[in-house]
Amino acid sequence: MTEEVGHLHPSGRGQVPAFEVMEIVARVEQLRAQGRDVVNLCVGEPGTGAPAAVRQAMAEAMSSGVSTGYSAALGLPALREAICGHYRDWYQLDVGPGQVAVTTGSSGAFLLAFLAAFDAGDRVALARPGYPAYANILRSLGLDVVEIDVTGTDDFQLATDLLDQAQHEAPLAGLVVASPANPTGTMLEATQMAELVAWCRRHGVRLVSDEIYHGISATGSVGECAWRHGRDALVVSSFSKYWGMTGWRLGWLLMPADLTATIDALSGNLALCAPVPAQLAALAAFGDDVHVEARAANASYDQARLMVLETAHELGWRLAPADGAFYVYADISSSLCEGEDSRAWCAALLEEAGVALTPGWDFDRVNGGQTVRLSLAPGPQQVAEALRRTKDWLAAR
């Protein structure tokens, strides 16, 4: 008697594109293992690492016997209070600890925000080019992603006229904005953020504002917080970028009053809580010494940014306005051979010159074949060497 065998199949919700930059990082490690000298400008990871005070706080927490068991689902009360103080200091905003959720990185914050605010089938708009995880998380949750091309705009940012067009096609439930943005580094001014917040309020659209690169800018502005213009938005931030704490997996979410209970319940079910040792260490993240370290890192990004801008001009590359974060997004059409796209170009640059850049396909599945992202996070020395190798390589092609 033959037993009938059922057929297993993967979930369609999980069929999202891989983050190509991680494949490049894997190849970089292979080449380095072979003895190759590779300059890696792929990853948005500050080379400075966590501030000294944060590392010291972690060491003290681990040696003191302080409890590192679960915290409340929304985080340690002391850390939520400290984040409130951060909003008073940076934005002159009065935020209460009951409005703050500590999360497992900004990734955890986005997952909680999307689950709390949207239902399967809802239409959520975002800019293209943009950070790919926005669209991939939304699609994995069964939402309809509306990508709005901003490459033809002056500042590579969404504006209300573009949103009007998307709204006319079918009502939107949500809007995701990022300032400073990844991959472009462009920033929203206060008037632009105010217009977006007002537009969302008029149309009943929930705004999700990605503010994880706040504090890293070439303009002197820390960035414009959406809550300066209303408290209906979900605001996502993180210790990963300004504080250089990428692997600590710690972020936070500012919660509108109508979503607080939902986010609390979701957080407890999905993650129980954010990593408690990281939470304890992060209590030291808001001291004066830490800000001195962060400002020094920001100065190094500025130095590297100027190098890229000068070289891009020499090569005839067109750039998005790189006002913040630590990226430069470049149209390299003038450097491509006939029939070549950015993926093939980056692969050749890596293999032949030992320079790793990220092809634009990760951020723009329509026009990304002509663009690359350069990360300034490794610092000016590494950026200068990468640019030297790239110019030599192009001259010899």
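Analyst: Here is a quick chat about cavities and pockets. This is a predicted model, where local features need pLDDT of at least 70, side-chain atom pairs count only at pLDDT 80 or more, and totals for chains, interfaces and linings use all residues. Residues are numbered from 1 along each chain as its sequence is written, and side-chain values use heavy atoms, with hydrogens and water left out.

User: How many cavities of 30 Å³ or more does the search find?

Analyst: Four, over the whole structure. On a 1 Å grid over the protein atoms alone, a cavity is a set of points where a 1.4 Å probe fits but cannot get out, a pocket is an open set with protein on both sides within 12 Å along at least five of seven lines, and lining residues have an atom within 4 Å of a point.

User: OK, pockets now. Which residues lie nearest the centre of the largest pocket?

Analyst: Phe-19, Gly-44, Tyr-131, Tyr-213 and Lys-241, from a lining of 26 residues. That pocket holds about 450 Å³ of space, a volume being the space filled by probe spheres set on grid points, which are joined across faces, edges and corners.

User: And what's the volume of the second largest pocket?

Analyst: About 220 Å³. Its lining has 19 residues, with Ala-135, Asn-136, Arg-139, Glu-147 and Arg-365 nearest the centre.
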